[in-house]
Amino acid sequence: MNICGSDAFTRFKVGESIGWRMPDENDTALYSQWAAKNRFLVGDSLYFEYRNDSVLMVNKGGYYHCNTTNPISTSNDGKTVIKLEKPGPAYFISGTPEHCKKGQRLLIDVMTHPHPPSPPSPPSIAVPPQPFFPVSPAPSPNQSSGISVSVAWVSVLVVLTTTILKLV
């Protein structure tokens, strides 16, 4: 297993040091055991290394019945890399039906990348609705604002009273 580049996708060598080959008679679970100890994610890739054989990507029926007649894809270059592009099961078999029947087949479950937890959203601060007064500005939230408004009105009343008294 190798980590590739900055994208942090994993490239899995199928069968590790053994590669892609027909398992020995007493080791038919070789590839299912290999798959069980790995976690495959979308974006990872499988690297099949083999000689005188092939790799077929097949559907579920093709996997369970070692049916090579209608593969999704076929490779026989000896060094096949398959990128895992979607979540769900992926099925691979040898192109030689007898090899498949003797255990040279691989079923993996591809998972999506887990999403990192979202940071908690800050608590919302409810702001009470402000009344609209077109003539005068809204009062400031200071405790002393009521006193200044009262003093201002008292001053206006004193001036008005004085002016009215002078006129009389």
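1. First, the ground rules. The model is predicted, so to speak of local features a pLDDT of at least 70 is needed, side-chain atom pairs count only at pLDDT 80 or more, and totals for chains, interfaces and linings use all residues. Residues are numbered from 1 along each chain as its sequence is written, and side-chain values use heavy atoms, with hydrogens and water left out.

2. The chain has 4 helices and 9 strands; helices (H or I, at least four residues) and strands (E, at least two) are DSSP runs, numbered from the N terminus. Read from that end, the order is β-β-α-β-β-β-α-β-β-β-α-β-α.

3. Of the 168 residues in the chain, 28% are buried (buried is under 20% relative accessible area, exposed over 50%, partly exposed in between, with a 1.4 Å probe and protein chains only). Taking contacts (heavy atoms within 4.5 Å) between residues at least 6 apart in sequence, 69% join residues at least 24 apart.

4. Now look at the largest nonpolar core, which has 19 residues. Such a core is a set of buried Ala, Val, Leu, Ile, Met, Phe, Trp, Tyr and Cys residues joined through side-chain atoms within 4.5 Å. Leu46, Phe48, Phe92, Leu106 and Ile108 have the most contacts inside the core. At least two core residues come from each of α1 (30-36), β4 (45-49), β8 and β9 (105-111), and α1 gives the largest share, 4 residues. A second, separate core of 7 residues includes Tyr63, Tyr91, Ile93 and Cys100.

5. Leaving aside neighbours within four places in sequence, its contacts include Val14, Trp20, Val55, Ile82, Phe92 and Leu106.

6. The largest pocket has a volume of about 270 Å³. On a 1 Å grid over the protein atoms alone, a pocket is an open set of points where a 1.4 Å probe fits, with protein on both sides within 12 Å along at least five of seven lines; lining residues have an atom within 4 Å of a point. Grid points are joined across faces, edges and corners, and the volume is the space filled by probe spheres set on the points. Of its 15 lining residues, Met57, Glu85, Lys86, Pro89 and Ala90 are the closest to the centre. β8 supplies the largest share of the lining, 4 residues.

7. Finally, compare two loop residues. Asn52, between β4 and β5, and Cys66, between α2 (60-65) and β6 (73-75), are not glycines, yet Asn52 has a positive phi of about 50 degrees, and so does Cys66. Asn52 is exposed, with a relative accessible area of 81%, whereas Cys66 is buried at 6%.
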